[in-house]
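Q: Pick one part of this model and walk me through it up close, pairing by pairing. Then set it against a few other spots in the chain.

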Amino acid sequence: MGAIKQEVEDVYASTERARYGYSSNDKQQERAMAMGAEEDGGGLDVGELIPGLPDDVAMECLARVPSRSHRCMRRVCRGWRGAVGSAEFSRRRRAAGAAEDIVFLVQAAPPAAGGDGKGSTPECALAAANLTTGEWRRVMGPVPLFAQCAAAGDGRHVAVVGGWDPDTLRPTTDVRVLDVPAGTWRRGRPMPDTRSFFGCSGGRGCVYVAGGHDAAKNALRSAFKYAVAADAWRALPDMAEERDEPQLVAAPGGGGVIAASGYPTVAQGAFKKTAERYAAGGTGGAAWMDEGDMVPDAAETCLASVRGNVWAVGAGKGGVREWDGAWREVADGPPGVEKCVKAVGVGDGAAVFVFGAVADGAAEGSKYSAWVMEAGGGPWKRVPVPSGFGGFVYSAAAVLI
């Protein structure tokens, strides 16, 4: 990651000062989003969800419809639109075993047709991998380079935050929020400042941002919290240490995050093993608390929130560990994976999804592979990655719909 970062930052340094924004492609996308929102607001009003059936039974029927049809369902009538967007709908889907695990990936997009991608600015897109149905699709593209995505922890919203404008290679403060069941996007309030390579995670309806570096490449200690429903940012206390390229993961017990690893301005690329936890409440209101040397193999390990605890996922023998005041070995790393690129808890933390670099990309036919393992430490199950979705993953978030 450090080499990729330096290569693109060299391009950034050589560009002239330019606007912060998106290309005409982005404007076309905004119009499409607006049209989708207009379509979503239509539909006929009906007194019963399904005529002739009690609403309780009708809800059981609707809850079993695959998520790919939810947006169309919302356009049938106001009753269905309200049902699909309700907490009861989500509860019924889970109770019926119909809920689907969807992982969102900010991923390097394949080169345009007819080109080899050499000498051109890379592009990123937001992909959605439905682990339940096996379907992969592009949700949005292009998105800012190195953008972060995070699930808000409310069971429906995913935010795409910051990154670099793909045209100017300048940091952007843009925030976009996806309502996953509705399939609709909205612009969020911009980030309070511009920063690059920050940590990002979510929980309890919020998205957290911490660390990274500013335009002068100074590592940052500052952090913010974005409330999705209120569309509002709030500054958090500064972390105790500067952390460029940190990993942010939901803290055990909820209500906070752990900022792990990263490096200070004076030690570019020398990742720390230290971590600190942000937790609201207490007599001091809120604070970051030292977690000590928590991160094993800081530059080689991906952290994820699984089973309510922090997991460290790496390659090889004993590559998966769980933190409970000390590291406990859970399982070996995913088969054939040489290095973990990104890990995220799925199924509300009941399993872990891993995207990793394979040991022999030429033999495998791709540089990367994807795997899932249940939290109980069961066998790894391979997730087929379709052609066109094998690019490097910069960020990941998961929602159970």
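A: Two strands count as paired here if DSSP finds at least two bridges between them. Strands themselves are DSSP runs of E, at least two residues long, while helices are runs of H or I of at least four, and both are numbered from the N terminus. Keep in mind that this is a predicted model, so local features need pLDDT of at least 70 and side-chain atom pairs count only at pLDDT 80 or more, though totals for chains, interfaces and linings use all residues. Residues are numbered from 1 along each chain as its sequence is written, and side-chain values use heavy atoms, leaving out hydrogens and water.

Let's go for the sheet made by β20, β21, β22 and β23. Its 4 strands are in that order, the sheet is open, and the pairing is antiparallel. At the edges are β20 (337-346) and β23 (381-383); each has a single partner strand, so one side of each is left without a neighbour in the sheet. Direction ignored, neighbouring strands are turned by 30 degrees against each other on average; the axes behind that angle are lines fitted to C-alpha atoms (for helices over the stretch in contact), with angles running from 0 to 180 degrees between N-to-C directions. As a reminder, strands of a sheet pair through backbone hydrogen bonds, either parallel or antiparallel.

Start with β20 and β21, which pair in the antiparallel sense over 8 bridges. For a landmark, look for C340, which stands opposite G356 in β21. The two strands make a hairpin with 4 residues between them, and in that turn G347 has a positive phi of about 65 degrees.

Now step across to the next pair. β21 (residues 351-358) is joined to β22 (residues 368-374) by 7 bridges, again antiparallel. How many residues of β21 are buried? It's 8 of the 8, so β21 is largely enclosed by the rest of the structure. Buried here means under 20% relative accessible area, exposed means over 50%, and partly exposed is in between (1.4 Å probe, protein chains only).

In β17 (residues 309-313), 5 of 5 residues are buried. On one hand, β17 is joined to β16 (residues 302-306) by 5 bridges, antiparallel, with C302 bridging to V313. That hairpin has 2 residues between its strands, and R307 in the turn has a positive phi of about 55 degrees. On the other hand, 4 bridges join β17 to β18 (residues 320-323), also antiparallel, and W311 stands opposite E322 there. This second hairpin has 6 residues between the strands, with G316 in the turn at a positive phi of about 80 degrees.

Most residues other than glycine have a negative phi, and most peptide bonds are trans. F146 goes against that with a positive phi of about 65 degrees; F146 sits in the loop between β3 and β4 (148-151) and is buried, with a relative accessible area of 6%. K217 has a positive phi too, near 65 degrees, in the loop between β9 (206-210) and β10 (223-227), but K217 is partly exposed at 32% relative accessible area. As for peptide bonds, the one from G141 to P142 is cis, with omega near -5 degrees, and P142 is found in β3 (residues 136-143).

Just after α6, G97 takes a positive phi of about 75 degrees.

Zooming out, the chain comes to 7 helices and 24 strands, and 51% of its 401 residues are buried.
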